[in-house]
Structure formats: structure tokens, C-alpha cells
Amino acid sequence: MTPRPRRPPDVPALALHLGGLEKVWHGQRLDSDPLLFPHRYERPDDREAAAFLASSLAFGRVASINASLERLFAALGPHPASALRKRYGEEAGLEGFVHRWVDAGSLRPFLRAVGRTLKAEGSLGALFAAGDDGGADYVPALDRLFSVLRERTEVSTGRRTRGLTFLLPSPAQGGACKRAHLFLRWMVRSGDDDLGLWQGGGFSPARLLLPMDTHVHRISRYLGLTARPTADLRASREATAWLARIDPLDPVRFDWSLSRLGILAECVRDPRRSRCGDCAVRPVCRAASPSGRPPVLSRATGALPA
Ligand code: SF4
């Protein structure tokens, strides 16, 4: 099938309406996001460790994510970084833990790898910075970080469960790796509710990529930020490149508001349930019909109707 020609977004109009969307969601609904969990801690090391664990389990329904994270952080106690450094994945209270396909048998070696890193390098940021070559984005550095963490699980390749492989992905292989880029957004950006713990050196919001899950991917397609049918690394890079035309120093600043549309079911796949009438980006949304309802994307291809 001949691919449909891509119509580039109208950048000034996109900037105007994304700015409107940003105002709507600025500082709103932290309770709807796993970023809530690192905000519970005061110390930077606890915040960093909590952010990595929270972003790693940020898949599935919000209620399920919150329940799993409540259980995990209860097991780790008031100072998760210290607990990880000391216990190496042998935390009490995680017996029978299951978050979708991540069970206790997957989680424990993951926690062990994080704990070993906190002990060896002092922080995840130190290990990450040591593997950063300063390129256009952080994908190679993320790949190196996860590679070292995989080694530190002490679980050989053939014995890694699906859950452990999912917790320690390989971002350079082309997947969107939304959870890894979400963690970086929290660490590198300041302002809004992002934590800004990683500063100086090569850390710059300009190098971040849009964390792309199925919701953000679908809405990115509606806004013309990408035409790719799958949420992958190329789609994330394409969308980020358009957003960088609006704010080259901070292209992912719109991620919070864009992702609220999906997380809070303002914009869903079922057109009968989307709130297009109230949506700040409706004037630049190529999916919103005159009736104010978006069309259903093709289940097979993810394509917009012709
Ligand atoms: S206008 Fe409708 S379809 Fe477009 S992003 Fe907003 S809620 Fe979604």
C-alpha cells in the first residue's frame, strides 16, 4: 500500500494550542502519576531511587501501578536508597508481589542491581553520566546504564524472566522505552513537578526524548508530530523534533499535559468517550471531527481514516 503523504504540523498554531494545553494541566493532578511517589521523600538519593523504581513499574492501569508501588515502597521503608544499598533485593514484604508480568522473582534481582549501583557509584546518575557520550539524545547512555544493571542482577541472559527483561530494556534496539525516558524527564528537567536531580555536565533538557506510550503516540499522530504507525524510538524522535521547533531547550515540556489527556481518559481511542469539546488542542487536532468526536484508528494499522 502506498503510504499517505505526511502533512507537516503548523508549528506556530501547534505552539499556541500546546501552550494552552500546558496551562490547563500545569501543576495539576500529580495524584494521577507515579511521579507522586518520589515526591514523598526529602533526600535526593531517596528521590532518585524512588523515581527509578516508580518509572520502572509505570505500566498498566493507574490504580494497579499505585497499588504495586505502595507495596514496594512499604517494603523499602522510609529511606528506599539506604534499604536498597543494604538489602540487595532481599527486602521483606515482597513475597508474592505481582505487577502484571513482573513478579517477586523478577523484581528481586532488579532491586539487587539498583542497590549494587547505589553502593558502587553512589547514585544512578553517576553511572548514567559515566556512560554518556554527549550525543544528540540519551539513548546510548540509557543503553549502557541498563547493560550494567543487567550484569549486576547476576542472572545470566538465558535465565532472565520476561519481567526482568522488561524492567531492564535495551533502548538502542528501537523500542520507545517510555518508562526509561520518563525517568530521564523526571531527573533532568526542573520546574513543573519534575525533580531536576541530575544537573550540570552533559545533563540538558534539550537532549530528552518524548516518553512515548500508546496514548502519547496516538495523540502525537492526531497532532501531526509523527506518522509512524507504532510507538517506537523513531516515532519518539520524530515527535520530539517537532516539539523542539517550539522549544529547542525543553522539547518535552508538553509531555505532562499531553499524557494527562490519555491517563485521565480525556482523549481515548473510543470516540464516544473523548472530551474533544473541552480540549485545548482541538484546533490543531486532525482527528477531531466537526462533531467534536475523533475517529477510531484502525486496529490493524493504527492509521487515521482517509
Ligand atoms: S481534540 Fe479530541 S481527539 Fe484531539 S486530542 Fe483532543 S480529545 Fe483527543
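Helix 5 passes helix 7 in a right-handed crossing; a crossing counts as right-handed if the near helix is turned clockwise from the far one by less than a right angle, and as left-handed if anticlockwise. The contact brings together Pro-109, Phe-110, Arg-112, Ala-113, Arg-116 and Thr-117 of helix 5 with Leu-149, Arg-152 and Thr-153 of helix 7, where two residues touch if their C-beta atoms, placed from the backbone, lie within 7 Å. Sorted by class, these residues come out as four nonpolar, two polar and three charged (Ala, Val, Leu, Ile, Met, Phe, Trp, Tyr, Cys and Pro are nonpolar; Asp, Glu, Lys and Arg are charged; the others, Gly among them, are polar).

The model is a predicted one, in which local features need pLDDT of at least 70, side-chain atom pairs count only at pLDDT 80 or more, and totals for chains, interfaces and linings use all residues. Residues are numbered from 1 along each chain as its sequence is written.

As for geometry, helix 5 (residues 104-121) and helix 7 (residues 139-153) pack at about 110°, with axes 8 Å apart. Axes here are lines fitted to C-alpha atoms, for helices over the stretch in contact, and angles run from 0 to 180 degrees between N-to-C directions. Helix 5 and helix 7 are therefore roughly perpendicular (65 to 115 degrees; under 35 is roughly parallel, over 145 roughly antiparallel, the rest oblique).

Helix 10 (residues 214-222) and helix 12 also pack at about 110°, with their axes 9 Å apart, so helix 10 is roughly perpendicular to helix 12. His-215, Val-216 and Ile-219 of helix 10 meet Leu-258, Ser-259, Leu-261, Gly-262 and Ile-263 of helix 12. That set holds five nonpolar and three polar residues, and no charged ones.

Zooming out, the protein chain splits into domain 1 (7-30 + 209-306) and domain 2 (37-204), with bounds from an automatic or database domain assignment.

Overall, the chain has 12 helices and two strands, counted as DSSP runs (H or I, at least four residues; E, at least two) and numbered from the N terminus. The radius of gyration is 19 Å, which agrees with the value near 19 Å for a compact globule of 306 residues (taken over C-alpha atoms; the rule is 2.2 Å times the number of residues to the power 0.38).
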